[in-house]
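The structure comes first, then what I looked up.

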Amino acid sequence: GVLCLPDSLNLHKDQQRSNKPGEVQMFSQSELRTIEQSLLATRVGSIAELSDLVSRAMHHLQPLNAKQHGNGTPMHQKQGSLYWEPEALYTLCYFMHCPQMEWENPNVEPSKVTLQTERPFIVLPPLMEWIRVAVAHAGHRRSFSVDSDDVRQAARLLLPGVDCEPRQLKIDDCFCASRKLDAVATEAKFKQDLGFRMLNCGRTDLVKQAISLLGPDGINSMSEQGMTPLMYACVRGDEAMVQMLLDAGADLNAEVVSTAHKYPSVHPETRHWTALTFAVLHGHIPVVQLLLDAGAKVEGSLEHGEENYSETPLQLAAAAGNFELVSLLLERGADPMIGTMYRNGISMTPQGDMNSFSQAAAHGHRNVFRKLLAQPEKEKSDILSLEEILAEGTDLPDSAAAPLCASRNSKAKLKALKEAMYHSAEHGYVDVTIDIRSIGVPWTLHTWLESLRTSFQQHRRPLIQCLLKEFKSIQEEEYTEELITQGLPLMFEILKASKNEVISQQLSVIFTHCYGPYPIPKLVEIKRKQTSRLAFFFVLLFVILDPHFLNNKEMSDVTFLVEGRPFYAHRVLLFTASPRFKALLSSKPSSDSTCIEINYVKYPIFQLVMQYLYYGGAESLLIKNNEIMELLSAAKFFQLEALQRHCEIICAKSINTENCVDIYNHAK
């Protein structure tokens, strides 16, 4: 479709509605077009161009926001104009920058263009979407400016495959704008904000005074983001402040609340996080060690036997690839088998789980994955969970029996490793996938196909050979429609592009396995059947109609227009040649000037079709190699079975490694 502005942002309609007699128009038509182009821009060539576009767009969007929020809801935009910080513009320029539009020096004539490789983003959102999402994140922070983090969070939502780091919590994030509170509540709120400011400045000599300002909960008071002073100190990595807060009685295992009623600015991704989780997220190893020594729970807020809906510290360390942190947490008893359940935001049904193995594999951290794999399994009690009872009914494959130990924990570990194998293949980390396979984890068809596709795209011939050799290890129960729709086209593409004899032989073995070892039955020509007197009459007609009448205007009563060129023919011959010709002729009235346009067929191919009909067979046809596939398509289109079979026989006799992929693609 055409990229256009929504009705809520359409200046043309808004100006038409607001026009009154004697009222001056806000924008001219040229200005309207300029603003609309600014809002719909998807790529920019320089930071100067982006700054100008954002300025124009914000000048238009902020008055609209003021009009649309006239319901008494407190809006920070009403108190002052929202502006973009320079770092935010540079970050947005990174995502919207198009090297093909960058001029090396616009002051030099003629200008030169620098051509580079673009990032493979599938969807390019317009500027109005970037502004809308970034401003929403800034409003969530009660901020008067859009910063670089707001743009990165917008990229996580708007660009597929972009994995930006979580927001870095800042000192000023705990302060709120003025609200409709009474005098007592407002005073208490300002005192609490002042207490957080005193603690966040990093001065340990102000801890006692700050605690007295925080309110009845004291050192464990929570800001609007649901975070305690200890959590903010862990975010900053302030080891001295963390120690001071612990000495003052801070709760080590306090969690970020999950309700937004009392704490409206809680970030959804930080719910149920503890101080240890924040320290791990930001990679502050001394603070993590200090918290663990003080008795912090190594699994964060997770309680034994409960479903987990927030990331554990080990999962965050594994996703970040922090080998030292992963080693420390494993030494303190962290379990890499614990998974996090994810919901889809609409229903309450869990959508799957990600454990530490999956996190490390999905981000391609091989050393971290190997460290997790080397961790000895914990001994479990004699009481089996429902998941373990169901897992007991599944036998381990023979290929996985040797590397994985025989304890009942191995079945849960095998399931976790299968998940990790899936995520590594999905994200294109073939080396991690091969590592997981090397310890005995069986292939699934989808994982194998994704690994093969990535290896082919990266031109890694040894990996392609290794994966093709592994095809026979895939259980036939794994064969799905994906093998036909995705697998075979991919393997034919590899066959077409590869000149390696080993790969060709491996592919031939797979094709034989898929299509069967038996040779293709020999095709025979289809002969005309003379089953009635009418058919016998038309056989005589072929003799009577001399080939001289082929494309001869003399006595012709129908004209075909092919590629803009006329081709003359006779109804009496074509009417019974095939149902397709009969339908074409029946749809046109019988007259001397009947003209039928033929699309999707080239003129030389159509000439061969008509020659076949006028000569009464395919014996006289001179078909070139590059015309056979198009003639086959035309014969099928005009429902000429004998000609179609003749083309199929020619293809079967001439098939080789050079044209087999083209024939396969045509057959699809």
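Entry 1, a term. I needed one definition before starting: two residues are in contact when heavy atoms lie within 4.5 Å. I also noted that the model is predicted.

I looked up which residues of α14 meet residues of α15. From α14 they are P313, L314, A317 and A318. From α15 they are L325, V326, L329 and L330. Helix α14 runs over residues 313-320 and helix α15 over residues 323-331. I read off an angle of about 155° between them, with the axes 8 Å apart. The pair is therefore roughly antiparallel, because angles over 145 degrees count as such. The crossing of α14 past α15 is left-handed.

For residues 271-303, the end C-alpha atoms lie 15 Å apart, and the span is 48% helix and 0% strand. For residues 309-335, the end C-alpha atoms lie 16 Å apart, with 63% helix and 0% strand.

I found T270 in the loop between α11 (239-247) and α12 (275-281). Is T270 buried or exposed? Its relative accessibility is 11%, so T270 counts as buried, the cut-off being under 20%. Setting aside neighbours within four places in sequence, I listed V256 and F278 as the contacts of T270. H272 also has its place in the loop between α11 and α12. H272 has a relative accessible area of 30% and is therefore partly exposed. I noted its backbone too: phi of H272 is near 70°, a positive value in a residue other than glycine.

H459 lies in the loop between α22 (445-457) and α23 (461-469). At 70% relative accessibility, H459 counts as exposed, because the cut-off for that word is over 50%.

I placed N500 in the loop between α24 (481-497) and α25 (501-515). N500 has 14% relative accessibility and so counts as buried. Which residues does N500 contact, leaving aside its neighbours within four places in sequence? I found R461 and Q465. Q465 is 35 residues from N500 along the chain, and their C-alpha atoms are separated by 9.7 Å.

Entry 7, the whole chain. I ended with the totals. How many helices and strands does the protein chain have? The count is 32 helices and seven strands. The chain has 668 residues, and buried residues make up 44% of them. Among contacts with a separation of 6 or more, I noted that 62% join residues 24 or more positions apart. I wrote down the accessible surface of the chain as about 36,900 Å², with 55% of that area belonging to carbon and sulfur atoms.

Definitions and conventions:
Residues are numbered from 1 along each chain as its sequence is written. This is a predicted model: local features need pLDDT of at least 70, side-chain atom pairs count only at pLDDT 80 or more; totals for chains, interfaces and linings use all residues. Side-chain values use heavy atoms; hydrogens and water are left out. Helices (H or I, at least four residues) and strands (E, at least two) are DSSP runs, numbered from the N terminus. Buried means under 20% relative accessible area, exposed over 50%, partly exposed in between (1.4 Å probe, protein chains only). Accessible areas come from the Shrake-Rupley method with a 1.4 Å probe; for residues, only the protein chains shown count as cover. Axes are lines fitted to C-alpha atoms, for helices over the stretch in contact, and angles run from 0 to 180 degrees between N-to-C directions. Angles under 35 degrees count as roughly parallel, over 145 as roughly antiparallel, 65 to 115 as roughly perpendicular and the rest as oblique. A crossing is left-handed if the near helix is turned anticlockwise from the far one by less than a right angle, and right-handed if clockwise.
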